[in-house]
Amino acid sequence: MSLANHDVEVKVCDVAGCTKDAERSFNIKQVSRSSLQLKDSGLRQVHLCKDHYREYKKETKGARSLDQVYE
Ligand SMILES: [Zn+2]
């Protein structure tokens with residue numbers, strides 16, 4: 001019997017269609033500003049893998065200057 005496995009919880013990325021291991025977690029409010037589609041919209045905490053974290057970061061970083069792009 002192996003009861004020890006219970007402690008090891010591997011989080012998976014919450015972006016729809018993604019099965020990679022999550023690297024970081026964010027508040028749903030932060031992530032909902034980006035265009036990332038989540039598996040479950042009722043989450044409070046969203047886990048992102050390395051790739052989606054990068055994508056998220058890129059989108060939110062550019063959000064400020066977006067106003068100036070649309071002239
Ligand atoms: Zn992902």
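Which side chain of opposite charge is nearest to Asp-14, and how far away is it? I looked this up before anything else.

**Entry 1: ground rules**

I am working with a predicted model, where local features need pLDDT of at least 70, side-chain atom pairs count only at pLDDT 80 or more, and totals for chains, interfaces and linings use all residues. Residues are numbered from 1 along each chain as its sequence is written, and side-chain values use heavy atoms, with hydrogens and water left out.

**Entry 2: Asp-14**

The answer is Lys-39, at 5.4 Å. Asp-14 is buried and has no salt bridge. I took buried as under 20% relative accessible area, exposed as over 50% and partly exposed as in between, with a 1.4 Å probe and protein chains only. A salt bridge needs a side-chain nitrogen of Lys or Arg within 4 Å of a carboxyl oxygen of Asp or Glu. For charge, Lys and Arg count as positive and Asp and Glu as negative, while His and the chain ends are not counted.

I placed Asp-14 in the segment before β1. Helices (H or I, at least four residues) and strands (E, at least two) are DSSP runs, numbered from the N terminus. I then listed the contacts of Asp-14, leaving aside neighbours within four places in sequence: Gln-37, Leu-38, Lys-39, Leu-43, Gln-45, Val-46 and His-47. Contact here means heavy atoms within 4.5 Å.

I went on to Val-46, which sits in strand β2 (residues 45–48). Val-46 is buried, at 0% relative accessibility. Beyond four places in sequence, Val-46 touches Asp-14, Arg-24, Ser-25, Phe-26, Ile-28, Val-31 and Leu-38.

Ala-16 is in the segment before β1. I found Ala-16 partly exposed, with a relative accessible area of 43%. With neighbours within four places set aside, its contacts are Gln-37, Leu-38 and Lys-39. Ala-16 and Gln-37 are 5.7 Å apart, C-alpha to C-alpha, and 21 residues apart in sequence.

**Entry 3: the zinc ion**

Which atoms coordinate the zinc ion? I read off Cys-13 (SG), Cys-18 (SG), Cys-49 (SG) and His-52 (ND1), at 1.9 to 2.3 Å. Donors are N, O and S atoms within 2.8 Å of the metal (3.2 Å for Na, K and Ca); water is not among the atoms, so sites may look incomplete. The site is tetrahedral, with angles of 105 to 115 degrees among the four donor atoms.

I noted the donor spacing in sequence as C-x4-C-x30-C-x2-H. Cys-13 lies in the segment before β1 (24–27) and His-52 in helix α2 (residues 50–62), so the pair ties together parts that are 39 residues apart in sequence. Cys-13 is buried, at a relative accessible area of 0%. His-52 is buried too, at 14%. Outside four places in sequence, His-52 is in contact with Cys-13, Val-15, Cys-18 and Leu-36.

**Entry 4: charged pairs**

How many salt bridges does a search of the whole structure find? I got one. The side chains of Lys-20 and Asp-51 form a salt bridge, 2.3 Å from N to O. The pair links distant parts of the chain, with Lys-20 in the segment before β1 and Asp-51 in helix α2, 31 residues apart. I looked up both ends: Lys-20 is partly exposed at 42% relative accessible area, and Asp-51 is partly exposed at 36%.

**Entry 5: the whole chain**

I counted three helices and two strands. From the N terminus, the order is β-α-β-α-α. Of the 71 residues, 23% are buried. Among contacts between residues at least 6 apart in sequence, 46% join residues at least 24 apart. The chain exposes about 6100 Å², of which carbon and sulfur atoms supply 47%. Those areas come from the Shrake-Rupley method with a 1.4 Å probe; for residues, only the protein chains shown count as cover.

Definitions and conventions:
Four donors count as tetrahedral if all angles lie between 85 and 135 degrees; four count as square planar and six as octahedral if opposite donors are over 155 degrees apart and all others between 65 and 115; anything else is irregular.
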